[in-house]
Amino acid sequence: MKKEFVAELHDIGKLFDKDSLDPKRYKLKGHTFEEFDFESFNIKKPTSPSWWAQYHHKETLDDEDLNTGNSWRDIPQEYRPDLFLLILADHLASSISRALPRLPLRPSNKDESKDKSKGEPEGVLKLWNRKFYENEKNKGKYWAAFKSEEDLKKLFEIIDTITSPEEFLSQYNEYLILTPEDKYKPRNITSLYTHVELVGKIYRVLKRHCEIKAENALELKLNEESVKTIKDAEGGNRTEGNQNIEKGKWQARFVKCYIKYPHSFVRLQDINLLVKRNKLAEDFVAKYKDYVMFHTSDFISLFLPPGMELKEMFKDCLDNGFFIECIETIADLGILRSNLDIKVIRARENNKSDITKVLNSRNTKVYRKILLPEMLDKIVSPICDICQFNPGKERMKENIKEWICDKCYEVRECGESFKYPEEWQEHKIVWFKFNLDTEKLENWLQKAFEEYIDSLNINNAQTLKHEFRSLACQSDFVRDYKYMIEAFWDKANGLAKKPISNYDELGVFLYSGENVKKIIETFLEVYKKYFPDCEGDYLSPISLSLSISNVKYPIREHFRYFESPEGFLNIRNQNIFHSSYDKNEIEWLKSNLQPKSLHFLYKLASIYEKTKSDISFIVEIMDKRKSQQDISDLYSKIKIPPEKILNFYRITEAENELHKT
Amino acid sequence: MNFIKLNVEIDSVIIGERVKGGIYRPCLETIPSSTIRGAFKNFLGLEINGVGIFVKYTYRIKDFVYSVKDKFLETAKMPFVAEYLSPKRNSKIKAEIYIVKNNVISSKLFKDLEFYLGALKSKGFGKTKVIEIEEISPDIKQGFLNVRIYEDECDKFNITVISPIYGYLFYPTDMVSGFYKRAVFENSLVKAPEIFIKEETFYDE
């Protein structure tokens, strides 16, 4: 059987700790082994197709014709297309995923530069969990999978014996997630796992859609455009200025897809729709595995060649009543990246003609598309109560007449049916939902990266900030988000129930002040473990919303509240109040609030409600600062309005206070 | 294209969605063209093309519980909860209604007009008073739509749909019947007079 070209192996050298050998003796340079002297060390040179991926860093390959170029002569003709596409994929994955393009990185101070080189970090630095590697190292883990002469032999064996991407990723997962894609600051913020995974995917997409002609000379064709050099395919890699801006022959698309639904949940079983959405997203990812850069339950980002029909790809989602909002960027391979859409729109908005001129000359497009299921021009009444997209059919249940279309009824009847436990009837319950906002995530990563750059004292800081691309970090962040929720449920399983067993973002529990406190504490505990350096304020991509109501309160109203979380922790008590808190506020409130303050809090809240002025209640606080010292301290240190203090107290401490308006 | 802008004040109003589960009726936070059409047809006897937007932070959503009476059996049906918009802080809900100006429809028609908007008028909902009238001719911009409008009426409002989010609005044909007609919903990408745009955008078309 012919061995496969496993593109993921191209950076296997990054898992080798060169410091474990004598570098002079082994003449090791960079992280590839194309010049390694196998004979001298009596090591068997790999012969598999994947070996030729070791040549991907030979810079002269980019400009030379793959038929006649000197640098290409070392490569057997049958593997040249694979290497050609791998180099494109590596560049693309780097520009899509790597935090930064290849820019000279100079510390502002030369002496400092020397100091820094000694102390270069070895493990990945997660912007949201900066001590991640240090903590893992304390547990006995180490980034390098290969760290001796024997291991070096093993590395070459691996290149020969690994037969699939999955085999490599699963066998070396432990090391790949600890190793940065690039060790040098500030590029050390993305994991090698994400980079090699993306390179492999992009390589296979290009290979699948690329026509390889080898009659007289090798010729690679994508979308009817044939090329012989990498530079021809990519074009320049800049979007402004005069240099490196030439048009490339090959274009591709980066598409951000949000899976949305028009449905209103009427009965509890209607939340099966979320199970359906998860299942459809997972099926999509399984079917279009290589096209999917990363995904959550309601978001998929895609790398696509021109011509692939999005509507066809999402057919199953559309047939099941979902609609897809897409932001599609089409650009030359040389400039395509995950945040190019934002850059293009911003340049147009701010009339930056130097940028828009280059982008237009390279035929760069950004579309916002909505993919919808087929819809009738008109529907004769009644329409479906739930989706309001299809004609409804009469259904009777418990003497109540409803009009529900076949699709929504199928969702209602499918899967497990969650019922509140008998002992919850006539009591208050709390629905809660975790949320990860992908737009906020992009913004948060940009901000966190800028802070990281500022901390490094680098000369070209502004350019680096401007060039940051967040996709790989997003992918790593989402992975940690999933781990965090799993950890939450490990701790909260006895207290809360999952209405949908394999959907971890949603839960419900019987209301008591103690239970609310425990859920909030558990959330904070796991959040601090996985995201200790993500502030937990209104900019936080992660949030938790709690909605308290009577057991009979319409489920759709909980979901309406969950749709747009305002802050880090959002709490609503049906028809009474809703408040948002950040992490610091909750911690202060938890540790400082005293029961004796309740009456005073009511008074302050009432003053605030009547006057809407800070001054009036500050005067009141100052006046009572001796008898109400905890409130006075709380307000002077964290400036929380008294209404929010009161609401938190009512929800977590004072059972009977919950019902007061 | 010229529009008549009516600044109106409303006591409380129900512009309902479909009833859910036979017992619950959520409320919209926009005034679709179907509601404006119905209101003026009722009050002025004219076919008027208009849409409306509630002014943010002048209202909040509350629940109204009532029982529908079965006139034949003289009995009350199961209690029913309807959401409604209630003014914030003892004031009035503020809204802007935009009407397409033409030879028949002029500003004079609406001077000091009081009319009813939406559902459950018999329970006192929907009383609306025109406070101020302006004539405007807004610029055309690309952006996200902030109203709901029948698809086949978009051209009457000078709205070009680029990437639609469709839904359905009820279209009454007489006092007791009608059908659901395809409509363009909020957040559709359009080129339109800027009054119908919630956020200007710069996408390719």
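Predicted model: local features only at pLDDT ≥ 70, side-chain atom pairs only at ≥ 80, totals over all residues.
Chain A is divided into three parts: domain 1 (7–230), domain 2 (249–371) and domain 3 (425–659). The centres of domain 2 of chain A and domain 3 of chain A, taken over C-alpha atoms, are separated by 30 Å. Their contact takes 15 residues from domain 2 of chain A and 16 residues from domain 3 of chain A. On the domain 2 side, helix 10 (272–287) and strand 5 (292–295) of chain A each supply at least two residues. Helix 10 of chain A gives the most to this side, with 3 residues. By class, the side of domain 2 of chain A that touches domain 3 of chain A has 9 nonpolar, 5 polar and 1 charged residues.

Two helices of chain A were examined in turn. Helix 16 of chain A covers residues 438–456. It has 19 residues and reaches 27 Å from its first C-alpha to its last. That span is close to the 27 Å expected at 1.5 Å a residue. Several residues of helix 16 of chain A are buried, in the order Leu441(A), Glu442(A), Trp444(A), Leu445(A), Ala448(A), Phe449(A), Tyr452(A) and Ile453(A). In an α-helix there are 3.6 residues a turn, so residues three or four places apart point the same way. What covers the buried residues of helix 16 of chain A includes strand 12 (428–436), helix 17 (461–467) and helix 18 (471–492) of chain A. Just after helix 16 of chain A, Asn457(A) takes a positive phi of about 55 degrees.

Helix 18 of chain A, one of the elements covering helix 16, has 22 residues. At 1.5 Å a residue, helix 18 of chain A should span 32 Å. Its end C-alpha atoms are 31 Å apart, which agrees. The buried residues of helix 18 of chain A include Leu471(A), Ala472(A), Cys473(A), Gln474(A), Ser475(A), Asp476(A) and Phe477(A). Further along helix 18 of chain A, Tyr481(A), Met484(A), Phe488(A) and Ala492(A) are also buried.

A glycine in another helix of chain A was also considered. Gly200(A) is found in helix 8 of chain A, which covers residues 192–209. Gly200(A) counts as buried because 23 other C-beta atoms lie within 10 Å, where the cut-off is 20 or more. Leaving aside residues up to four places away in sequence, Gly200(A) touches Ala7(A), Glu8(A) and Pro165(A). Of these contacts, Ala7(A) is 193 residues from Gly200(A) in sequence. In space, Gly200(A) and Ala7(A) are 5.0 Å apart, C-alpha to C-alpha.

Chain B has 1 helix and 15 strands. With 205 residues, a compact globule would have a radius of gyration near 17 Å. Chain B has 17 Å, which agrees. Taken along the principal axes, the C-alpha atoms of chain B fill a box of roughly 55 × 35 × 35 Å. Of the 205 residues of chain B, 36% count as buried. Among contacts in chain B between residues at least 6 apart in sequence, 70% join residues at least 24 apart.

Chain B is divided into domain 1 (1–137) and domain 2 (139–205). The C-alpha centres of these domains of chain B lie 19 Å apart. In the contact, 12 residues of domain 1 of chain B meet 16 residues of domain 2 of chain B. Helix 1 (33–44), strand 3 (50–54) and strand 6 (93–100) of chain B each supply at least two residues of the domain 1 side. Helix 1 of chain B gives the most to that side, with 3 residues. The residues on the domain 1 side divide into 7 nonpolar, 5 polar and no charged.

The two chains also touch each other. In this contact, 29 residues of chain A meet 24 residues of chain B. Helix 13 (340–349), strand 8 (365–371), strand 9 (378–380) and strand 11 (400–404) of chain A each supply at least two residues of the chain A side. Strand 8 of chain A gives the most, with 6 residues. The chain A side divides into 13 nonpolar, 4 polar and 12 charged residues. Strand pairing also links the chains. Strand 9 of chain A is joined by 3 bridges to strand 13 (residues 178–184) of chain B, and the two strands run antiparallel. The bridge partner of Lys378(A) in strand 13 of chain B is Lys181(B).

Key:
Residues numbered from 1 in each chain as written. Chains lettered and ligands numbered in written order. Contact = placed C-beta atoms within 7 Å. Helix = DSSP H or I, 4+ residues; strand = E, 2+ residues; numbered from the N terminus. Nonpolar A, V, L, I, M, F, W, Y, C, P; charged D, E, K, R; others polar. Pairing = 2+ DSSP bridges. Domains from an automatic or database assignment. Rg over C-alpha atoms; globule rule 2.2 N^0.38 Å. Buried ≥ 20, exposed ≤ 12 C-beta atoms within 10 Å, placed from the backbone. Expected span 1.5 Å × (residues − 1).
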